[in-house]
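Dear colleague,

My notes on it follow directly after.

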Amino acid sequence: MTSAMEMSGLGRRYGRTWALRDCSLALPEGRVIALVGPNGAGKSTLLSLAAGLLRPSEGTLRLFGEPLRDRPSTLARVGYMAQDTALYPTFTVTDLLTFGGRLNPGWDDGWARDRLARLGLPAHVPAGRLSGGQRAQVALVLALAKRPRLLLLDEPLASLDPVARHDVMALLMEAVAEAGLTVLLSSHIISDLVDTCDWLVAVNQGRVQVSGDIDDLLSAHKLITGPREALHTLPARLPVVGQRVNGRQALLLVRLDGRPLGPDWTVRDASLDELVVNYLRQPGSCALPGPTAVAR
Amino acid sequence: MIGFHLDPRSGVSTYLQLVQQVKHALRLGLLEPGDRLPTAAEVVAALAINPNTVLKAYRELEREGLVSARPGLGTFVERSLGQASPHDRARLRRQLAGWMRSAYGAGLDREDLEALFTAALQDAAREGAA
C-alpha cells in the first residue's frame with residue numbers, strides 16, 4: 001500500500017514554542033482520516049504543513065513518496081479547505097469557478113457546475129450572502145474541482161447545523177466513492193466521524209498520540225468494569241489507556257492481549273468517542289504502529 | 001431498486017444494517033433476482049457514510065451467494081430469500097394484517113403484539129413446525 005503522507009521527525013516552532021514536535025507518521029492512501037485533538041494540540045499546524053502553507057522547522061514531509069520541500073509541484077495534487085471556508089464574499093459562485101479554473105491546471109469545470117446545480121446552489125449570488133451550509137458546500141466543491149489526490153479539511157463541520165453537516169459529509173463521501181481520493185479532516189465532533197472516517201489520528205500537546213485503522217483500534221480496545229479491590233488481580237503490564245474509579249467501581253479502557261481477566265471483570269466494546277476521550281485525557285498513552293505497519 | 005436508511009440507536013453496526021436491509025427486501029420480494037443494488041456512490045450520497053462500509057456489506061452479501069458484482073455494471077441480486085411464492089406471501093401478509101387489526105381492537109399495543117408474535121414463534125419452533 002502506498003502512503004499518501006509520510007512525516008518523519010516533523011516539527012514546527014513559533015518563536016520558542018513548539019506547536020508540533022517529533023511527528024513520525026505514515027498515512028495510507030485511499031482512506032478517510034479523522035484528525036482529532038484538543039484545541040491547540042497542533043491539528044491546524046499539521047494540516048498547514050501538509051498543504052505547504054507552513055515550512056517545517058525540523059523533519060521531513062513526503063506526499064505520495066515525494067519530499068514536499070524539493071517538489072512544489074506535488075502541491076498541485078493537494079486540496080486544502082481552511083477552517084473559516086474563506087470565499088471572497090463579493091464573488092458569485094460563477095466568479096469563484098472562473099477564478100478556480102484560471103489558477104488550477106487540472107480544474108474540472110464541468111463536474112463543478114454539474115454538482116453545484118444538483119445541490120441547488122445559486123450561481124449568481126455573492127458568496128457573502130449564502131448561508132453557512134451553502135458556503136461550506138461551495139468551498140468543498142471548489143476544493144474537489146481541483147481533482148486533488150489528497151484533500152485536507154480543517155474543521156469543515158464546525159459552525160454548521162446538523163442538516164448542513166450531513167449534506168457536506170454526503171458530498172465528500174460521494175467524491176471519495178467516485179475518485180478514491182485520500183481525505184484528512186479535523187473535527188471535534190466525534191459522532192460525525194463514526195460512519196465517515198476509517199483511520200484515526202489523535203494529536204495531543206503537539207505530539208501524535210494515536211494512528212490506526214478505526215476498526216482495528218476498536219477491536220483491540222475494551223472497556224472493563226469491576227470492583228476497585230480487584231484492580232490488583234489484573235494481569236501484570238496490561239496496557240491501560242485510561243482509568244477511573246467511582247466509589248467502589250473501577251472503569252478502565254485497556255488493550256486486551258489475550259490473557260484472561262478473572263471473574264470480577266465485565267468486558268464490553270468501546271465506542272469511538274470513549275476511545276478518543278480516554279486517550280486525550282492521558283497524553284502519556286500511545287497507540288502507534290511500528291514504522292513498517294502502514295507501509296506493508 | 002431499494003433505498004437504505006440507518007438507525008443510529010439500534011446498536012447494530014452500519015455495515016450489518018445494510019446487509020440486513022437487503023436480506024429483508026429479499027424476503028419481502030422487494031428485491032428479486034436480476035435487480036441492481038444502488039452503487040456505493042448512490043448510497044453514500046444519501047447516507048453520508050464511508051463508501052468502504054457499503055462495499056463491505058456488498059462483499060458479505062456476495063460471500064453468501066445472494067448478489068454478485070459485475071465489473072463496470074453494478075451489483076445484482078442472484079437469488080431470493082424465503083421459499084414462499086409471491087402469491088402465498090401476499091396472502092399470509094393479509095392474514096397477519098387481519099390478526100393485527102383484531103389484536104389492536106382487543107386493546108393490545110405494539111409491544112404486546114411483538115411479545116405475542118415472538119412467543120408464538122418459539123412455540124412453533126418447540127413443536128418442530130419451523
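Of the 296 residues in chain A, 42% are buried, that is, with 20 or more other C-beta atoms, placed from the backbone, within 10 Å of their own. The model is a predicted one: local features need pLDDT of at least 70 and side-chain atom pairs pLDDT 80 or more, whereas totals for chains, interfaces and linings use all residues. Residues are numbered from 1 along each chain as its sequence is written, and chains are lettered from A and ligands numbered from 1 in the order in which they are written.

Chain A contains eight helices and 14 strands, counted as DSSP runs (H or I, at least four residues, for helices; E, at least two, for strands) and numbered from the N terminus. Its radius of gyration is 21 Å, close to the 19 Å from the globule rule for 296 residues, so chain A is as compact as a globular protein of that length. The radius is taken over C-alpha atoms, and the rule is 2.2 Å times the number of residues to the power 0.38.

An automatic or database domain assignment divides chain A into domain 1 (3-205) and domain 2 (216-289). Eleven residues of domain 1 of chain A are in contact with seven of domain 2 of chain A, contact meaning C-beta atoms, placed from the backbone, within 7 Å. On the domain 1 side, α6 (190-193) and β9 (199-204) of chain A each supply at least two of the residues that touch domain 2 of chain A.

Yours sincerely

Conventions
A residue is buried if 20 or more other C-beta atoms lie within 10 Å of its own, exposed if 12 or fewer, and partly exposed in between; C-beta atoms are placed from the backbone. Two residues are in contact if their C-beta atoms, placed from the backbone, lie within 7 Å.
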